[in-house]
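Please consider the structure shown below.

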Amino acid sequence: MTAHDEQATDAAGHETSDRPAVLDASHPVIERAAARARGPLSPPFTWLSIGMFALIFIAAFEAMAVTTIMPIVARDLGGEALFALAFAVPMAAGIPGMVIAGNWTDRAGPLPSLVTAAALFVVGLVIAGTATDMGVFIVGRFVHGLSGAAVIVPLYVIVARVYPERLRARVFAGFAAAWVIPSIVGPALAGLVVEAFTWHWVFLGVIVLVLPAAAMVLPPLLRVREQVRGDRSVRWSLGRVGWSVLAAAAALGVSVAKELGPPWQWVLAAVAIAVVAVAIRPLMPRGTLRAVRGMPATILQKLVVAGAFFGAEIYLPYLFMERYDFSPSLAGAVLTGAGISWAFASWLQGRLGERVSNTQAIVIAAIALAVALATVFAVALFTLHPAIAFAGWTLAGAAMGFMYPRFNVEVLSLSKRTEQGFNSAALTIAESIGAATALAVTALVTSAVGQGVFEADFAVTLAIALIAVVLAPRVRPPGSGESVRGGREPGM
């Protein structure tokens with residue numbers, strides 16, 4: 001395949017992105033099959049799609065399973081004092097992991113970074129699964145965070161380079177479902193493994209799943225090496241890696257600020273958030289923090305909605321157990337409802353395709369998320385029937401499922417080929433920073449007003465959701481439906 005063949009152009013000389021991708025450009029039968037493919041699971045994309053969905057599922061299962069078994073792990077390893085750190089470390093490690101993966105993917109294509117990240121993920125499973133003290137376990141969690149985040153970036157770039165544009169929203173819907181399904185089955189399955197064997201097998205048992213997933217992904221990618229190759233003119237950016245490490249350290253600082261007494265907890269949190277804002281500027285497209293129309297605003301919007309949703313999510317089961325005397329399993333059912341609605345809404349937006357534009361989907365979903373969080377806030381404030389909160393949170397899951405795949409589609413459609421890795425990493429970093437910051441702020445509010453004052457926590461997340469409603473229209477690129485390429489310039 002020549003350089004000219006890689007990028008189709010229209011009569012006006014503009015790049016077009018709906019050119020059917022093929023798994024072997026030299027084979028006319030496969031090329032025709034790609035053009036006729038009705039979905040991500042149709043030939044010739046079948047095994048590649050299943051393998052990518054499996055990799056996402058495995059990473060998500062580990063994240064969900066650890067939430068369930070962590071009290072058991074901490075007690076068994078005598079590490080109760082490091083309980084919170086075991087969650088904060090992988091989230092922080094993911095930030096440099098995404099930056100490195102993005103830079104490497106732009107230089108060498110998605111294959112080397114994907115293989116390396118998958119191999120490191122297995123290493124993390126071995127370290128955590130064989131740990132005999134909490135310090136070693138946290139090292140394994142660090143490797144998990146680094147590699148799990150790094151897996152996502154090359155997968156996004158594969159979607160951009162291999163699948164035709166008309167299928168991309170449906171591929172990302174599959175990614176969303178692969179994240180959501182473990183939230184439904186992961187905790188229960190992890191509990192069964194612990195009861196039948198030991199918590200170690202929650203990690204070690206997953207290794208046997210990684211190898212078949214890799215076996216499904218690698219052969220199709222090896223057949224399209226030319227199509228997914230990188231650009232060696234893209235330089236390694238050690239400066240951005242350094243900034244990502246600083247951002248990760250600052251995010252960790254926000255998370256641990258609540259351990260200090262007033263007023264120092266607020267001082268540390270404010271300083272850490274300011275450092276995060278400075279450190280992420282080189283990691284984002286120009287104008288992100290100013291919500292410049294198009295790609296910058298899209299990335300900022302994902303940061304905000306992630307903060308609103310995940311900042312509220314951790315308090316719902318607690319609300320039901322404290323205020324309504326629900327059992328832990330019954331309280332967790334509300335999260336299952338949101339998981340199901342997230343998966344359904346992701347499927348629905350994929351089926352709607354271009355009948356609903358990316359901007360329309362994000363605007364509609366942002367409004368729905370604000371309504372959902374307002375409902376949950378009202379339940380906490382007025383002690384309304386818990387079924388109302390369940391309905392509200394199910395709507396919140398649907399809102400996230402409807403808009404999340406569109407963030408990916410929009411950013412990739414506005415990215416130059418040599419910037420797909422960078423921009424995919426920026427999108428994922430935004431989610432991590434948004435969630436981590438919101439979780440830290442709500443934890444600070446809880447420490448200030450006291451445990452059990454849930455309306456204060458939900459008021460914070462509702463305020464964040466209202467910001468998302470204001471920002472949502474800015475996702476539309478400048479011009480009348482015209483694609484505008486976003487660059488990665490150092491200034492914001």
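Contact means heavy atoms within 4.5 Å. The model to which this criterion is applied is predicted.

Q: Which residues does H144 touch, not counting residues up to four places away in sequence?
A: With such neighbours left out, H144 touches E62, F121, G124, L125, A128, A149 and F203. H144 itself lies in helix α6, which spans residues 134-162.

Q: Why does H144 count as buried?
A: The relative accessibility of H144 is 7%. Buried means under 20%, so H144 counts as buried at 7%.

Q: Why does W264 count as exposed?
A: W264, found in helix α12, has 58% relative accessibility. Exposed means over 50%, so W264 counts as exposed at 58%.

Q: Which residues form the nonpolar patch on the surface?
A: V256, L260, W264, V267, L268 and V271 form the patch, and together they have about 520 Å² of accessible area. Helix α12 (residues 264-279) supplies the largest share, four residues.

Q: What is the mean pLDDT of the protein, and where does pLDDT stay under 50?
A: The mean is 79, with 85% of the residues at 70 or more. Values stay under 50 over residues 1-30 and over residues 482-492.

How values were computed:
Residues are numbered from 1 along each chain as its sequence is written. This is a predicted model: local features need pLDDT of at least 70, side-chain atom pairs count only at pLDDT 80 or more; totals for chains, interfaces and linings use all residues. Side-chain values use heavy atoms; hydrogens and water are left out. Helices (H or I, at least four residues) and strands (E, at least two) are DSSP runs, numbered from the N terminus. Buried means under 20% relative accessible area, exposed over 50%, partly exposed in between (1.4 Å probe, protein chains only). pLDDT is the predictor's confidence in each residue, from 0 to 100. Patches are made of residues with over 30% relative accessible area and no salt bridge: like charges are joined within 9 Å, nonpolar side chains (Val, Leu, Ile, Met, Phe, Trp, Tyr) within 5 Å. Accessible areas come from the Shrake-Rupley method with a 1.4 Å probe; for residues, only the protein chains shown count as cover. A salt bridge is a side-chain nitrogen of Lys or Arg within 4 Å of a carboxyl oxygen of Asp or Glu.
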